[in-house]
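Here is a short briefing on one protein model. Keep the sequence and the structure open while you read.

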Amino acid sequence: MSHERVTHQGGHTHSHGHHQDDCHDQGHEHPRGLRGVVKEIFAPHSHDASDSVDNALQSSAIGVRAVKISLIALGITALLQVAIVVISGSVALAADTVHNFSDALTAVPLWVAFSLGTRGATRRFTYGFGRVEDLAGLFVVAMITMSSIVAGYESVRRLIHPVAIQNLGWVAVAGLVGFLGNELVALYRIRVGRRIGSAALVADGLHARTDGFTSLAVLVGAGGVALGFPLADPIVGLLITIALLAVLWTAVREVFGRLMDGVDPRLIDAAETTLAAHPRVTAVRSVRMRWIGHRLHADAELDIEPDTSLADAHEIAHTAEHELTHAVSKLSTALIHAYPAHPNTADQHYQSDNDEKELRNQVSAGRGNCVNIEHLEADL
């Protein structure tokens, strides 16, 4: 093999127990104490390699189940709030309950996305339908943005025009129910989203957390009013709005990072290390990765010995692809390009640069000495 390129693409997945979960379990420390708790709330992520799911169909099924369970849980939470509204007769609580019902329905686009993601590629959509999941993530980000705007607007409005809160006891109970229900759903969605590699599901978990914060504001505000501080409600609302913006930033970073084909650099490091460890690979030219839905796809270029036969080069590419899908969690396919290595390439470039400089010097000197400039410039 002299100048040809050998390409191997693996379209299969592997189930195994010796992978890395986004390479997070190696050399990565986390803040502890209060700082760690705060970071986990606003920028959560998982490091449990044993929870990683590599099979594409299995992970999609887990995503659908998570959406169903969380939808039921949020539905129960909203129904409990409805019961409290009926008992208390609070119009404000009724509005908040309707808001929670509508927010629970953000799970529906994700349900559709996970279901479409299981369909195979077509002649038109050659990479499959995984991007639908990222589009659903955009919808979730839009809903979090809307919640943040509404919370901020209502807080400022009540600060300027205070509104008396009636049925404080029932308002506090409704706030507690809303907070607990939404936070449990948030924890579940985020954990499953990290487990299967779904940025959209993580974003929806963060969306549930914003609703929980809103309910928490209702609870704390009612307590402040009961203690004789009526402005506690809007002030707490403003503080919660700031917290919502922090959660929104995390969701935007997750979803837009996927849309921009962003990956954790440690995944690239792990892939390069794995490919370079192959005994017949002389160098790793490049490694690129992208997420499509909750699955990773890789493209790598390798240098191999120039006298390698075509059959052996294909075998090297196939083995490299197999090892790569085992080394990087959630990697579905890898496209491997094998090129003949040129060990003296650097020396050739150095000599070429020197030759060019020499020719240009001759041209410059020739302009002063009437030599054949056209001939020298043609050599360049």
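**Overall picture**

The accessible surface of the protein is about 19,500 Å², and carbon and sulfur atoms supply 62% of that area. Accessible areas come from the Shrake-Rupley method with a 1.4 Å probe, and for residues only the protein chains shown count as cover. This is a predicted model, in which local features need pLDDT of at least 70 and side-chain atom pairs count only at pLDDT 80 or more, while totals for chains, interfaces and linings use all residues. Residues are numbered from 1 along each chain as its sequence is written, and side-chain values use heavy atoms, with hydrogens and water left out.

**Make-up of the protein**

- The protein has 12 helices and four strands. These are DSSP runs numbered from the N terminus: helices are H or I with at least four residues, strands are E with at least two.
- Of the 380 residues, 45% count as buried. Buried means under 20% relative accessible area, exposed means over 50%, and partly exposed lies in between (1.4 Å probe, protein chains only).
- Among contacts with a separation of 6 or more, 76% are between residues 24 or more positions apart. A contact means heavy atoms within 4.5 Å.

- Strand E2 (residues 281-292) pairs with strand E3 (residues 295-304) in the antiparallel sense, over 10 bridges. Two strands pair if DSSP finds at least two bridges between them.
- Val281 has Ile304 of E3 as its bridge partner. Ala283 is bridged to Asp303 in E3.
- E2 and E3 form a hairpin with two residues between them. Gly293 in the turn has a positive phi of about 70 degrees.
- E3 also joins strand E4 (residues 331-340) through nine bridges, and these two strands run parallel. Asp299 has Leu335 of E4 as its bridge partner.
- E3 is mostly covered, with nine of its 10 residues buried.

**Helices H7 and H8**

- The axes of helix H7 (residues 199-226) and helix H8 (residues 232-259) come within 9 Å and cross at roughly 175 degrees. Axes are lines fitted to C-alpha atoms, for helices over the stretch in contact, and angles run from 0 to 180 degrees between N-to-C directions.
- H7 is therefore roughly antiparallel to H8. Angles over 145 degrees count as roughly antiparallel, under 35 as roughly parallel, 65 to 115 as roughly perpendicular, and the rest as oblique.
- Residues making the contact include Leu206, Phe213 and Val220 of H7, and Ile240, Leu244 and Arg258 of H8.
- The contact residues divide into 16 nonpolar, five polar and three charged. Ala, Val, Leu, Ile, Met, Phe, Trp, Tyr, Cys and Pro count as nonpolar, Asp, Glu, Lys and Arg as charged, and the others, Gly among them, as polar.

- Pro234 sits in helix H8. Pro234 is buried, at a relative accessible area of 4%.
- Leaving out residues up to four places away in sequence, Pro234 touches Ser155, Arg158 and Leu159.
- Pro234 and His161 are 73 residues apart along the chain, with their C-alpha atoms separated by 9.9 Å.
- Thr273 lies in helix H9 (residues 265-276). Thr273 is exposed, at a relative accessible area of 55%.
- Thr273 and Val284 are 11 residues apart in sequence and 9.0 Å apart in space, C-alpha to C-alpha.
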